[in-house]
Amino acid sequence: MFLKDQVIDYFSHLQNFQNKNIKKILIGFSGGPDSVCLMDILYSLRERYNFQLYLGYFNHKLRPDDELEKEMEFIRNIGIRYDLPVFIGTDAGEIEKCAMSMGVEGAARKARYVFFDRTFRETGCDYIALAHNLDDTVENMVMRFFKGAGLGGLRGILSERDIFIRPLSKCQKSDILKYLDNNKLSFSVDKTNYGTDYLRNRVRNILLPEIKMIFPDCMKTLPELAEKISLSYDFIRNEAVGRLEWIWHEDIGGYVVSFNDFMNAPDILKMESIFSGFDKFARGKGTELPYRFVKTVLGRSDVENHGILLRGYGFIIRRNGDLLIWQDDIVNKVKKSYLFKVDKNKDNFFNIDDNEGFFVGRSLLSLCNKDDIWVPVDAVDGELVIRSRQDGDHIIVNGCRKKIKKFFSEWKISQCVRDRVPLICDSRGVIAIWGRFCGLRDRISDSVRLSGTADSDREVYIFRIRQDKRG
């Protein structure tokens, strides 16, 4: 099937598309081969479908000025040649501001989509058309697989979501390049796409070529896998809506769901309920919700009235009678420091706020649970303290001195979560990051790490999360 025919087939299956007399479409336009191809095909179909087309270009300011100016000049000329309005947006420092918590790629994407949304509303468009293709879906699946995504993430790039449409989603990159060559269409080249500075480029230029050599049919089998995963995901989602009748129904003070329905639901539906709620209420805040954080609800058989089911990442889920209520965690909106000194001669119970806190005691290594974090008693130098982060904090791991801020940036967690992560310290500074307390990773300093041959009867401090309010 020719590329243009594939796009026609796409529109024939697009919901509600035929009901609109005039279709106003904003094309996310970079000037690269994919967006030029999409623009040219949609332009050729404008009379058939009564299109009104607009081009939206966003300057991320991440490349040299002379290169960007040439690209913008190319795009302006495209607008003149095709007689299409061109809207150009420029980053005003938002990418740098958000890069610490989201990474440069995530911050750039957020800024770009804010521009698309603003231009979409200003022009009164019906859709935003993006030029993602089949190769992009495979790249996306590979990245999300290795980052531990759930079923929702492994569906690949959706061909339609809300106002966003992707008419080239079933087209291979090689066919796009053939189309450009056959129609003698020029395009702009972003040289950074051939480098390895960004994760997507490393996957595209290093990992995927190796995968294709080992699995030559992966460009066919992976999209098919995405379709099968999508069917499973849709079934689970429909079950979640059906079984949890009020799936985060808006109510006074927050969003609610039946407490009994939630607690009696299968684990997969509980997780889907929380992930979908987070996606709905926290979209655009720049934080991803990790599975290791959500799965803590699975071991809960009951929650007392007004008790907390889950807290972190800017929200709190609390029982209120027969309901669970999801609310923004107002306490987390501002930085709240804490510091606790551990009494070495007794069990310690600490509360950070409300009824969330932790226990610290002494035990034998052989009696620790796999989910505990612990440090040897005889490895602690001076007073043992648990506190929130401070400027300049660092930890020595695998012989390297690394700032705590660097770990938090790599984990892509929001500022409010960073303020809650407990740091275990002695006179030398930070000896452990208790990341698991907030659903993150733990990091243990070389100074207190035990080797695999350590004596199981060695005495250690153990740290355990607790939900009860005590002491």
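**Entry 1: H2 and H4**

I began with helices H2 and H4, which are roughly parallel to each other because their axes cross at roughly 10°. Roughly parallel means an angle under 35 degrees; over 145 counts as roughly antiparallel, 65 to 115 as roughly perpendicular and the rest as oblique. The two axes come within 12 Å. Axes are lines fitted to C-alpha atoms, for helices over the stretch in contact, and angles run from 0 to 180 degrees between N-to-C directions. I noted that this is a predicted model, where local features need pLDDT of at least 70, side-chain atom pairs count only at pLDDT 80 or more, and totals for chains, interfaces and linings use all residues. Residues are numbered from 1 along each chain as its sequence is written, and side-chain values use heavy atoms, leaving out hydrogens and water.

Which residues make the contact of H2 with H4? I found Val36, Met39, Asp40 and Tyr43 on H2, and Phe74, Ile78 and Tyr82 on H4. Contact means heavy atoms within 4.5 Å. Six of these residues are nonpolar, none is polar and one is charged.

**Entry 2: H6 and H8**

Next I looked up H6 (residues 134-146) and H8 (residues 199-214). Their axes lie 10 Å apart and the packing angle is about 95°. That makes H6 roughly perpendicular to H8. Among the residues that meet are Val138, Val142 and Phe146 in H6 and Val203, Leu207 and Ile211 in H8. This contact has nine nonpolar, one polar and six charged residues.

**Entry 3: H7**

I then asked which residues of H7 (residues 173-182) are buried. They are Ile176, Tyr179 and Leu180. Seen down the helix axis, they fall within an arc of 95°, so they line one face of H7. The arc is that of the directions from the helix axis to the C-beta atoms. On the other side, Lys178, Asp181 and Asn182 are exposed. Buried means under 20% relative accessible area, exposed over 50%, partly exposed in between (1.4 Å probe, protein chains only). The buried residues pack against H1 (3-12) and H2 (33-44). After H7 comes Lys184, with a positive phi near 50°.

**Entry 4: The sheet**

Last, I traced an open sheet of five strands, in the order S12-S16-S19-S20-S21, with antiparallel pairing. Two strands pair if DSSP finds at least two bridges between them. S12 and S21 are the edge strands, each pairing on one side only. Three bridges join S12 to S16. Leu339 stands opposite Arg387 in S16. Helix H13 (residues 404-411) lies across S19, S20 and S21, at about 20° to S20.

Terms used: Helix = DSSP H or I, 4+ residues; strand = E, 2+ residues; numbered from the N terminus. Nonpolar A, V, L, I, M, F, W, Y, C, P; charged D, E, K, R; others polar.
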